[in-house]
Structures are given as structure tokens and as C-alpha cells.
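Thanks for coming. I have one structure to go through today, so please look at the screen while I talk.

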Amino acid sequence: MKDIQDGRAFATKLKRCRWILRHNPYESINLQPESASPFAQDFFDLRSEAIIKLKDKTAIQSAQLRQLLSVSKVSLITSISLAAILAYIQRTVVPSSELLVWCLLMVLASLLRAALVYSPQTLRLDDAAAVQARLQKFRIGVVVAGAVWGSAGLLLFPAHHPQYVMFLIFTLAGMTAGGVISFSADLVSAVAFSVLLSLPVAIRLFVTGDHLSEAMGVAVLLYLGFMIASIRRINQNICENIILRIEAAAREGKVRESEERYRLLLSHLPVGIFHYNTDLVITYCNDRLAELLHNSVEHVIGLDMKLVKDQAILPSLRKALEGERSNFEGHYLATYSDAEGWAYITCTPFHDHNGQIAGGIAIVQDITEHKAAEEKINNLAFYDPLTGLPNRRLLLDRLQHALASSARSGREGALLFIDLDNFKALNDTLGHDMGDLLLRQVAQRLASCVREGDSIARLGGDEFVVMLEDLGGHDLEAAAQTEAVGEKILAMLGLPYQLVAHEYRCTPSIGATLFSGHELAKEELLKRADIAMYQAKQAGRNTVRFFDQQMQDAVTARVALEGELHKALDRQQFRLHYQIQVDASGRPLGAEALIRWMHPERGLVPPDQFIGMAEETDLILPIGQWVMDTACAQLKTWQQHAPTRDLVLAVNVSATQFHQLDFVFQVRATVQRHAIDPKLLKLELTESMLLENIEDTIRTMNALKEIGVQFSLDDFGTGYSSLQYLKRLPLDQIKIDQSFVRDIASDSNDREIVGTIIAMAQNLYLDVIAEGVETEEQRQFLQDNGCTHFQGYLFGKPVPVEQFEAMLQPDRAS
Ligand SMILES: Nc1nc2c(ncn2[C@@H]2O[C@@H]3COP(=O)(O)O[C@H]4[C@@H](O)[C@H](n5cnc6c(=O)[nH]c(N)nc65)O[C@@H]4COP(=O)(O)O[C@H]3[C@H]2O)c(=O)[nH]1
């Protein structure tokens with residue numbers, strides 16, 4: 001029902017619109033699409049069309065006017081010529097006064113028309129009023145000319161000379177026909193001209209009264225009627241032609257506009273576009289494509305794609321010519337320039353107006369940067385950025401493939417877990433840059449130790465893994481091959497490294513494990529190789545060890561212990577035991593503070609089992625600080641009692657602790673916090689830690705010396721024991737390692753070493769203390785050779801403070 005109503009309203013409005021168009025093109029039309037119905041939409045379209053037509057009305061009229069003016073000159077000349085001929089012929093049969101009047105009228109009418117035709121005023125096509133005025137003037141000229149020509153039917157009509165009458169009618173008929181042709185662009189002008197020309201002569205013929213004249217009069221009228229009908233049709237055709245021309249011009253303008261718009265759009269698009277014909281010749285390309293190819297648009301257009309250097313894209317281009325949309329992603333190489341990169345190309349068929357495939361359109365996206373980013377991400381995800389070697393992730397992936405391949409071939413493979421010995425020390429002493437340099441050189445050397453199909457990966461830090469594939473089919477054979485590669489790696493990595501100005505030597509510890517098919521998961525294999533490496537470390541480093549189950553159990557236990565060690569400090573499970581140090585007469589000089597871990601289940605855990613672990617995990621820092629605090633607190637207590645006031649307490653300091661940037665500050669803060677005499681605090685340092693960075697070490701030791709603390713060099717004799725550095729270190733004491741003391745009685749070598757150490761210390765004015773003295777014989781020997789201080793079970797084992805203080809009682813001393 002609503003649709004019907006809409007339809008009716010639509011028809012009414014359509015009618016009104018048409019009426020306006022026809023009768024008053026300048027009336028404004030204010031019609032809105034009231035609803036979203038299809039009729040309303042149609043009406044809206046029609047209204048838009050009508051408005052455009054109204055605007056075009058002026059253009060139509062000006063085109064009509066131009067057409068009228070263009071033939072006016074010829075028609076005016078023809079009119080004047082015919083008028084002259086008519087006047088000349090009729091001069092003998094019509095009164096000269098009438099002829100003169102007519103000629104005069106004709107001259108005036110011709111002048112008027114000439115004035116209108118040759119008017120200098122230029123016509124403005126968009127000025128509706130000007131066009132209207134000019135048309136009106138033209139019509140006036142035509143009406144005047146028609147009237148003058150019509151008057152010839154009355155003034156130049158010689159009733160008694162039928163031949164001259166015939167000539168007059170003939171001339172007027174010709175003029176009418178000519179007028180119709182000349183003025184038919186304007187219906188008003190053409191009709192007015194015909195009527196004004198024909199009607200007077202027709203009337204004159206009827207007035208004559210004879211039958212022939214009357215018949216001729218009727219013929220003239222019929223002829224006029226036919227003329228008017230023809231004029232209407234011709235006028236309609238002319239108007240339609242004009243409209244078509246205007247519409248075509250407008251359409252052409254729009255097409256040109258849209259072409260320009262698309263041209264601009266295509267040229268400025270960030271993607272390359274090209275059109276190609278069915279011969280694969282490029283017929284169009286935008287600026288971006290030319291830019292991508294490092295070429296000009298002119299050179300690219302006309303390029304025969306069949307002849308380009310890189311033909312990878314051709315199958316996709318051809319697919320589009322078969323009517324299918326296709327894509328291409330890949331690397332491209334330009335033919336006529338050095339351009340290359342990665343592109344993503346979409347090819348679409350292009351149809352002509354008959355629906356036939358006329359070629360294809362290709363959209364080219366430059367994905368070079370995207371590819372580079374992708375590669376970078378890929379590299380980051382799978383490769384170690386420092387050495388360029390595969391990382392753990394890629395290694396595990398390759399291991400998975402190796403397991404599958406081993407399962408297929410029945411041949412074994414092996415993993416070699418390589419850890420550089422003392423790498424941390426290198427980083428600490430020469431800096432991380434040197435560490436990085438070493439790792440890069442290690443990676444290169446490893447590559448020279450394996451076959452092409454084998455893999456090398458860096459897991460992080462100084463840990464590398466080499467994966468060997470296609471070894472023998474039996475354990476022994478595969479193990480021998482693995483051992484050989486391991487030895488080769490040991491030899492190769494053991495050669496000196498040139499780290500800028502430093503020549504550096506380093507050894508690896510290698511753990512190996514074999515694999516055969518999918519017997520073990522890849523993570524388990526890696527773990528086994530790691531455990532074996534740990535075993536190699538335990539065995540003294542610079543060696544290859546194969547995985548064994550006992551070792552794994554030990555490692556598992558160690559991991560458990562490590563977990564508990566993290567909590568030990570918070571749970572207050574550490575204690576300090578004190579081992580007495582005496583002089584030659586057995587008088588207590590002080591003690592060495594030795595840490596103990598009182599584990600609730602494991603009982604007392606000796607430091608050998610956890611100090612190393614604490615150092616690896618940096619737990620040694622809080623533990624070391626706890627020891628320092630506890631020792632200072634003890635010193636403070638001792639300071640307050642006469643028998644213990646002068647006791648010196650030796651505290652072990654680990655390398656990590658000592659090399660902390662704020663170690664001096666920490667010691668000073670601790671000494672001040674407990675308000676102890678710093679002279680009573682003796683820091684025991686080992687040879688190896690002092691050598692790490694001798695200059696920094698001396699600086700730190702001097703700073704601590706300024707506070708007042710003393711230094712004892714622990715385990716003396718086990719390291720370099722070089723006089724060179726010994727001289728430079730601000731030491732107070734040298735401690736002879738218990739390993740020399742132990743065998744003094746039986747080993748003449750050890751006796752010699754001990755003697756030399758004591759002599760050296762005396763030369764440097766340093767105290768000497770021997771540790772691990774268990775027998776009177778050892779003590780006597782040491783004393784005879786000049787040793788003045790002693791520590792060992794002979795005097796007392798490390799004990800809790802209460803027992804230690806009890807040992808100091810005068811009754812016991814005596
Ligand atoms: N067989 C035998 N052994 C004797 C004799 N006299 C002393 N000892 C032992 O020798 C070690 C001396 O300590 P060290 O050389 O500094 O060696 C220490 C030291 O390097 C480290 N350590 C102990 N406490 C600490 C600490 O608080 N901090 C740090 N960083 N390390 C510590 O643990 C190592 C071992 O300490 P301990 O097991 O307490 O072992 C102690 C002690 O119990 C003897 O006559 N015969």
C-alpha cells in the first residue's frame with residue numbers, strides 16, 4: 001500500500017518536474033527524497049537530472065543561437081540577392097511607387113538583420129539573460145524580414161500577369177523553404193518567418209477571385225501547414241542533437257576528469273602498478289613502479305615481460321591472462337638497472353568492453369624492508385647475535401631432526417657440551433669486550449673442527465654445543481669418533497688467542513653423550529652432555545668426559561643443595577667456627593673464622609660442599625657479608641674482655657666478594673658499625689684472586705690498608721708464588737698451604753718448598769703462618785726453619801665460639 005502511495009507521489013512529482021523543465025527552466029526546484037523507498041530514490045535521481053538539465057537549458061539556447069547566427073550571413077545575402085532579382089523582374093508589371101516602397105522596406109529590414117547578425121557583442125554561454133536577449137533580437141530581425149518578404153505578396157503581385165505571379169510565388173516559396181532550413185534551430189523564428197511569408201500571398205490569391213488563383217491560394221496554405229509540421233520535427237531533431245552534443249561534451253569532461261583523478265591516484269600510490277597486454281608487454285606503469293625498478297616510466301612502458309632477466313613472475317602474469325587472479329611473492333632482479341628486492345605482486349585479469357581478456361593489472365608491493373625485518377627477527381629467534389651460531393632453540397630443532405635421521409639410518413650421533421674454563425675471570429679482568437672477542441674466535445675455531453653436516457650452537461655465556469651426526473652404528477665406534485673430535489676441539493681451543501694486544505690462553509671442558517634414534521628426549525640429551533661437562537670440570541678441566549649415571553645423581557643432589565642454599569641465610573642456618581692460631585710458644589694470637597652450614601636434615605655441611613656453589617651463583621656475596629658481620633661482632637665482644645682483647649680474627653674473602661666495586665666501602669661500614677679495632681681484622685685472600693687484575697687489587701688492598709685491616713695470603717705456594725707481585729702487594733702475612741705441611745716429614749721436596757717460602761717471607765718482612773699443622777714434628781720443622789705462627793689440629797680444630805673461648809682459659813693454657 002505504501003509502495004502504491006509512493007508510486008503516485010512519484011508520478012505527480014515526475015510530471016511537475018517535466019513541466020518545469022519544459023516551461024520554466026529557471027524556476028528553482030526544491031524537492032527532497034522523503035523516504036528511503038526505491039521510488040523516492042528514483043525521484044531523487046530524477047530531480048538531480050532535472051537540475052542538471054535546467055542548467056543545461058541556457059547552454060542549449062546558446063547553441064541554438066550560434067547555429068542560427070552561423071547561417072544568418074548566407075541567408076541574409078541570399079535574401080538580398082533574391083529581393084533584388086524579384087524587384088528587377090517585377091519592375092515592368094507593378095507600379096514603381098509600390099516597388100520603391102517594398103525595396104525601401106527590404107533595405108531597412110536587411111540593415112536591421114545585418115546589424116543583429118554582425119553585432120560585435122560576444123555571447124556568454126553561461127549568461128542566461130544575455131542568451132535570451134540575443135535570441136529575442138534575432139527573432140525580431142527574422143519577423144521583420146518575414147513581414148517585408150510577406151508584403152511582396154501584396155505589393156509586387158501583378159494580378160494580370162500570371163507568369164509574373166508564378167515567379168513571385170516561386171520566389172516566396174523558395175524563401176520560405178530557405179527560411180525553414182536556416183531558422184529551424186528556433187521554432188519561433190522558423191514558424192513566424194514561414195507564416196509571415198506565405199500568408200499575405202495566399203490571401204492575395206484568394207482576393208483575385210479566379211479558380212486557379214483560389215486553388216493556388218489553397219495550395220500555398222497547405223504548403224504552409226506542411227512546412228510548420230516539418231519545422232517542428234526539424235527543430236526537435238536539432239534540439240535533440242544539441243542536447244546530445246552537450247551531454248557528450250559533459251560526459252567527455254567527466255571522463256577526462258575521472259581519468260585525471262585516477263592518473264593522479266595511481267601515480268601517487270605507495271604501491272607499484274602496471275598494466276600489460278596479452279603479449280605480456282607493459283602498456284602502463286605508475287611512478288612508484290618505475291622508482292622500484294630504478295627506471296623511468298617511459299622506459300618501463302613497452303617492456304616485453306617475456307624478455308626480462310628475472311622470469312619468476314611470468315607464471316603469475318600468465319595466470320591472470322587465463323582469467324585467474326594470482327599472487328607472487330619473491331625476490332626480483334630488474335632487467336635494465338641494478339634494482340633488486342622482495343616483492344608481493346597481485347595479478348588480476350583485465351577485460352575489454354566485450355568481456356574479452358585484454359591483459360592484466362599487476363599491483364606490486366615492495367616488501368624488502370618487511371623481509372629484512374622478518375629475517376632479523378628470525379635470526380634473533382634462532383641465531384646467537386654475537387657469534388652468528390645457532391642458538392639453543394635452533395639446536396634443539398636440529399637435534400630433533402638428527403634423532404629422526406639416526407632412527408632411520410641406525411647410525412649414532414653425539415652431543416659435545418663445551419664450557420670455557422675460567423671465562424668469568426677473563427671477563428672480570430680484561431672486560432666484556434675481550435670476552436666477546438674470545439667467544440667469536442672460539443666459534444670460528446669450533447667450525448674448523450667439525451664436518452660440514454655437523455652443527456655448532458652457542459647456548460649462552462661461554463657454553464657451546466657441537467652436534468655430530470652419522471657416526472658409527474655401535475656405541476664404541478661412535479664414542480671413539482666423538483672422543484677424537486673432542487680431542488681436536490681441546491687442542492684447537494687450547495691454542496693461544498690474540499685478543500687485541502693481549503695474548504690469552506684458555507682451555508675448555510667438554511662433556512659428551514651419544515644418541516641413537518629416539519631413545520632419549522632431546523632435552524635429556526642436552527642435560528646429559530651438560531652433566532658430563534661438569535664432570536670434566538671436576539676432573540681438572542681441559543678434558544673430555546662422557547656422561548655417566550653416578551655423575552647425574554651427584555648433579556641432581558647438587559641442584560637440590562643449591563635450592564636449599566638459597567634459603568639457608570634467611571633460615572639462619574650458618575654458623576662461624578673458630579680455629580686457633582698460635583705463636584712459637586703456643587700463645588693464642590687469634591683465630592681463623594670458618595663457616596659451617598647447620599642443615600636440619602643433612603647435619604653439618606662443610607664449606608667445601610657449598611662455598612664453590614655459592615661463588616657460582618653469587619650467593620657468596622650475602623654469605624660473605626654475613627661472615628664479615630658475624631666476625632666483626634665477635635671481635636667487638638672479644639675487645640671488651642682482657643684475655644681476648646688482642647686476638648686477631650682472620651676472615652676468608654672470596655674473589656667475587658673482593659672484586660665488588662664497593663668492597664672497600666662494605667668493609668669500612670662493617671668495621672664502623674661494630675666499632676672494632678680494624679687492626680684485629682685480617683682478610684685472607686688467595687693468590688689466584690689477587691692475580692685477576694693486579695692493579696685493581698693493589699688499589700683495593702691499599703684502600704683497605706688505610707682503614708687499618710691486615711692481609712694474609714692464603715694457600716701460599718699452590719699458585720704462581722711470584723716474587724714479582726708479592727713485592728707489590730701490601731700483605732702482612734703469608735700462609736703456607738697445608739698440602740706442603742702435611743708431607744714435610746716424608747717429602748724432601750715439600751721441606752724445600754716450605755723452607756723457601758719462609759725465607760722469602762722473611763726477606764719481604766712478612767709474618768709466616770703454617771696451616772694444617774697436625775704433629776709436633778711438623779711444628780718443630782716449621783719452627784726450626786723460622787716459621788713463627790701456627791694453625792692446625794695440633795692446636796685445635798675449628799670449633800664454635802664457646803668452645804674456642806674455653807680453649808683460651810688460663811688453666812688450659814698452662
Ligand atoms: N686436615 C686438616 N685440615 C685442617 C687442619 N687445620 C685446619 N684445617 C682445615 O683447613 C681449612 C682452612 O681453611 P682455608 O684454607 O681458608 O680453606 C677454607 C676456605 O677456603 C673456605 N671457607 C671456609 N670458611 C669460609 C668463609 O667464611 N668464606 C669463604 N669465602 N670461604 C670459606 O673453605 C675452605 C675449607 O674450610 P674448612 O673445611 O673449614 O677447612 C679449614 C680447616 O678446617 C689440620 O690440621 N688438618
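Which residues of H6 are buried? Before I answer, some ground rules. This is a predicted model, in which local features need pLDDT of at least 70, side-chain atom pairs count only at pLDDT 80 or more, and totals for chains, interfaces and linings use all residues. Residues are numbered from 1 along each chain as its sequence is written, and side-chain values use heavy atoms, with hydrogens and water left out.

Now the answer. The buried residues of H6 are Ser189, Ala190, Ala192, Phe193, Ser194, Leu197, Ser198, Pro200, Val201, Ala202 and Leu205. Buried means under 20% relative accessible area, exposed means over 50%, and partly exposed is in between, with a 1.4 Å probe and protein chains only. Helices (H or I, at least four residues) and strands (E, at least two) are DSSP runs, numbered from the N terminus.

Helix H6 covers residues 187–208, which is 22 residues. From first C-alpha to last it reaches 32 Å, close to the 32 Å expected at 1.5 Å a residue; the expected span is 1.5 Å times one less than the number of residues. The buried residues of H6 pack against helix H4 (128–155), helix H5 (162–183) and helix H7 (211–268). Just after H6, Gly209 takes a positive phi of about 100 degrees.

Next, the cores. A nonpolar core is a set of buried Ala, Val, Leu, Ile, Met, Phe, Trp, Tyr and Cys residues joined through side-chain atoms within 4.5 Å. The largest one has 79 residues, and those with the most contacts inside it are Leu681, Leu683, Leu704, Ile736 and Leu782. Helix H19 (residues 620–639) gives the largest share of this core, 8 residues. Apart from it lies another core, of 43 residues, and among them are Val93, Met175, Phe193 and Ala202.

What does Leu683 touch? Leaving out residues up to four places away in sequence, its contacts (heavy atoms within 4.5 Å) include Met628, Val651, Phe663 and Leu704.

Now the rings. Rings of Phe, Tyr and Trp (its six-membered ring) pair if their centres lie within 6.5 Å; planes under 30 degrees apart count as stacked, over 60 as edge-to-face and the rest as tilted. That rule gives 13 aromatic pairs. Trp102 and Trp149 form an edge-to-face pair, 5.6 Å centre to centre with 75 degrees between the planes. The pair links distant parts of the chain, with Trp102 in helix H3 (residues 96–117) and Trp149 in helix H4, 47 residues apart. Trp102 counts as buried because its relative accessibility is 0%, and Trp149 counts as buried because its relative accessibility is 0%. Elsewhere, ring pairs link Phe574, Trp597, Phe610 and Trp626 into a cluster.

Finally, confidence. pLDDT is the predictor's confidence in each residue, from 0 to 100. The protein chain has a mean pLDDT of 87, and 90% of its residues reach 70 or more. Confidence is lowest in helix H1 (residues 2–23), at a mean of 52, and highest in strand S16 (residues 648–652), at 98. Over residues 23–40 the pLDDT is below 50, and beyond near neighbours in sequence this stretch has 33 contacts in the model. Where pLDDT is low, the predicted coordinates should not be read in detail. For the complex, the predictor gives an ipTM of 0.95 and a pTM of 0.46.
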